Amino acid sequence: MDIVNKKLKKFVDALPIPEILKPLRKYKDESYYKVQMTEFRQKLHRDLRPTRLWGYNGQFPGPVIDVQRGEPTHVKWENKLPDKHFLPIDKSFHNLEKLPEVRTVTHLHGSQSKPESDGYPEAWFTRNFRDTGPQFKNKVYHYPNHQRGATLWYHDHAMGITRLNVYAGLAGMYIIRDEREERLNLPSEEYEIPLIMMDRSFQDNGELFYPSQPDDPQENWPNPSIRPFFIGETNLVNGKIWPYVEVEPRKYRFRILNAANTRTYQLFLDSGQSFYQIGSDGGLMRKTVKLDNLAVEPAERLDVIIDFSKHEGETVTLKNDLGPDADPDDETGDVMQFKVTLPLTSVDRSRIPRYLTRIPSLSENKVQRIRNLKLVGSTDKLGRPLLLLDNKKWMDPVTETPELGSTEIWSMINVTNFTHPIHIHLIQFQIVDRQPFDLNRYNQDGTINFTGPAKPPHPNEKSWKDTVAAPAGQITRVIASFGPFPGDYVWHCHILEHEDYDMMRPMKVIETDKWE
Ligand code: C2O
Ligand code: CU
Ligand code: CU
């Protein structure tokens with residue numbers, strides 16, 4: 001397969017700023033939005049023909065939904081997509097051959113919403129709601145937006161095809177703002193920019209390329225057959241390949257989202273500048289953290305300030321560290337460019353505060369339950385790689401059933417050879433620690449022997465999180481209080497190829513009768 005990116009020139013397209021979606025109407029303090037999923041073509045690079053995509057309201061990535069804390073929103077997510085998918089669907093699992101091919105359901109990642117608005121994978125629906133999944137309940141979703149200000153994102157979550165629906169373009173940002181944050185005098189308005197990163201490969205004709213099989217397919221495997229990962233050959237930010245943005249010599253706030261299927265970014269600036277991270281998945285951190293490198297796992301959000309005031313006239317490249325063993329032909333060590341070429345239009349009065357917000361520590365809570373959950377690699381009947389949570393499949397009965405309002409520690413024991421970004425719906429958790437163990441020994445006799453002490457989370461992880469890197473050969477512990485709503489949710493690995501097959505499990509938050 002010829003991939004066109006070798007010919008694609010870097011930094012020739014201006015970074016698009018996703019538009020902010022306007023509500024159709026306001027009712028009291030509540031807004032009503034209608035968002036349509038459609039197929040369209042969009043120019044992703046100066047030298048590429050417009051690429052066929054699926055997106056929200058004809059945009060890739062989708063429009064930004066921007067709300068104030070405490071202002072509930074109602075969103076009608078409508079499927080206006082064709083009946084045939086344009087990416088290769090493996091129908092050999094989850095009974096997909098019996099289901100309509102194009103199914104969608106939107107999940108607002110990081111949101112604390114009721115189950116019927118959470119985008120349960122089996123609450124899918126087809127074009128015009130003609131067919132609906134077994135868990136489908138309502139056409140209009142309701143988001144309370146009761147939680148603290150944060151950068152959330154919405155994306156497709158349909159069972160068994162999430163990787164393909166998101167790859168086709170079904171993702172967008174959702175911002176909740178609050179007063180606490182507004183008082184901090186952070187860079188705002190045109191100095192606050194979302195950076196939605198993802199990787200994609202292209203065919204010669206400019207169409208998206210997603211391989212129909214793993215790299216080493218066996219004869220007995222179907223075609224299409226799901227891959228255990230996908231790494232694209234180009235990087236896109238806000239829907240452009242290797243874009244640039246002109247900036248003033250002043251401070252900017254960037255809301256970084258890794259919306260890639262599998263890729264982890266290791267970001268740094270070639271000017272040697274630092275990032276000032278102020279926020280994470282669940283909103284502001286306690287304190288600003290100065291960092292030269294930012295690791296961003298799939299689905300993680302990093303809210304950072306970059307100060308260009310001492311770089312007037314310079315070009316600063318946002319790079320992705322591919323490590324010492326990188327293939328010299330790999331172009332994805334570049335992400336985008338900042339050209340500090342705009343004149344300073346006004347004095348920069350924004351600040352990088354040292355202290356940001358208060359975050360209560362969950363470690364004070366009474367822990368009702370500790371769950372040991374293994375992240376394991378296995379093989380399916382055909383000998384294909386199959387990744388599992390605690391050796392169970394999506395279809396197995398629910399086992400994670402925290403009580404409403406209770407605090408639990410989830411101890412994720414990664415016995416595979418790579419990092420899995422683990423995401424839990426409904427809640428924001430805190431990372432307790434990570435402790436390394438001898439993976440070889442585990443593979444020989446199944447015992448866990450620690451090889452070092454438990455390490456506290458990184459400074460920029462000491463905040464509310466909904467997605468955590470669980471590295472190979474380590475036990476990653478998170479603590480959470482389960483609520484505010486009971487019902488059916490999910491937890492999963494956010495490498496979308498893993499989530500689809502089969503690193504996703506139901507989670508049921510149960511109400512118990514206190515008087516019993
Ligand atoms: Cu971002 Cu369950 O997903
Ligand atoms: Cu989520
Ligand atoms: Cu995974």
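User: Let's start with Tyr143. Buried or exposed?
Analyst: Tyr143 is buried, as its relative accessible area is 0%. Keep in mind that this is a predicted model.

User: Which ring does Tyr143 pair with?
Analyst: Tyr143 forms an aromatic pair with Tyr141. The pair is edge-to-face, with 6.4 Å centre to centre and 80° between the planes.

User: And Tyr141, buried or exposed?
Analyst: Buried. Tyr141 has 4% relative accessibility, and the cut-off for buried is under 20%.

User: What about Tyr167 and Phe230?
Analyst: Their ring centres are 4.9 Å apart and the planes are at 80°, so this pair is edge-to-face. The pair links distant parts of the chain, 63 residues apart. Tyr167 is in helix α1, and Phe230 is in the loop between β11 and β12. Both Tyr167 and Phe230 are buried.

User: How many aromatic pairs are there in the whole structure?
Analyst: A search finds 23 aromatic pairs.

User: Which rings make up a cluster?
Analyst: Ring pairs link Tyr191, Tyr252, Phe254, Phe308 and Phe338 into a cluster.

User: Which charge sits over the ring of Tyr191?
Analyst: That is the charged end of Arg250, 3.7 Å from the ring centre. Over the ring of Trp124 sits the charged end of Arg103, 5.3 Å from the centre of that ring.

User: OK, metals now. What coordinates the copper ion that is ligand 2?
Analyst: His107 and His423, each through NE2, at 1.9 Å. His107 lies in strand β6 and His423 in strand β26, so the pair ties together parts that are 316 residues apart in sequence.

User: Are those two histidines buried or exposed?
Analyst: Both His107 and His423 are buried.

User: And which donors does the copper ion that is ligand 3 have?
Analyst: The protein donors are His420 (ND1), Cys493 (SG) and His498 (ND1).

User: How are the donor residues of ligand 3 spaced in sequence?
Analyst: The spacing is H-x72-C-x4-H. His420 is in strand β26 and His498 is in helix α4, 78 residues apart. His420 counts as buried at 0% relative accessibility. His498 is buried too, with a relative accessible area of 2%.

User: Switching to salt bridges. How many are there?
Analyst: The count comes to 39 salt bridges.

User: Tell me about Lys91 and Glu101. Where do they sit?
Analyst: Their side chains meet in a salt bridge, 2.7 Å from N to O. Lys91 and Glu101 are in the loop between β5 and β6, 10 residues apart.

User: Buried, exposed or partly exposed?
Analyst: Lys91 is partly exposed, with a relative accessible area of 31%. Glu101 is buried, at 16%.

User: What does Glu300 pair with?
Analyst: Glu300 meets Lys465 in a salt bridge, 2.6 Å from N to O. Glu300 is in the loop between β19 and β20, and Lys465 is in the loop between α3 and β28. They are 165 residues apart. Glu300 is buried, and so is Lys465.

User: And Arg301? What is its partner?
Analyst: Arg301 forms a salt bridge with Asp466, and their closest N and O atoms are 2.6 Å apart. Arg301 lies in strand β20 and Asp466 in the loop between α3 and β28, so the pair ties together parts 165 residues apart in sequence. Arg301 is buried, with a relative accessible area of 1%. Asp466 is buried as well, at 0%.

User: Which residues share salt-bridge partners in one network?
Analyst: Asp66, Arg177, Glu181, Glu192, Arg253, Arg255 and Asp303.

User: Last topic, the backbone. What joins Phe60 and Pro61?
Analyst: A cis peptide bond, with omega about -10°. Pro61 is in the loop between β3 and β4. Another cis peptide bond joins Gly483 and Pro484, with omega about 5°. Pro484 is in the loop between β29 and β30.

User: What is the phi of His94?
Analyst: Phi is about 55°, a positive value, although His94 is not a glycine. His94 is in the loop between β5 and β6. It is buried, with a relative accessible area of 9%.

User: And what about Asn128?
Analyst: Asn128 also has a positive phi, near 55°. Asn128 lies in the loop between β6 and β7. At 40% relative accessibility, Asn128 counts as partly exposed.

Terms used. Residues are numbered from 1 along each chain as its sequence is written. Chains are lettered from A and ligands numbered from 1 in the order in which they are written. This is a predicted model: local features need pLDDT of at least 70, side-chain atom pairs count only at pLDDT 80 or more; totals for chains, interfaces and linings use all residues. Side-chain values use heavy atoms; hydrogens and water are left out. Donors are N, O and S atoms within 2.8 Å of the metal (3.2 Å for Na, K and Ca); water is not among the atoms, so sites may look incomplete. Helices (H or I, at least four residues) and strands (E, at least two) are DSSP runs, numbered from the N terminus. Buried means under 20% relative accessible area, exposed over 50%, partly exposed in between (1.4 Å probe, protein chains only). Rings of Phe, Tyr and Trp (its six-membered ring) pair if their centres lie within 6.5 Å; planes under 30 degrees apart count as stacked, over 60 as edge-to-face and the rest as tilted. A charge sits over a ring if NZ of Lys or CZ of Arg is within 6 Å of the ring centre and within 35 degrees of the ring normal. A salt bridge is a side-chain nitrogen of Lys or Arg within 4 Å of a carboxyl oxygen of Asp or Glu.
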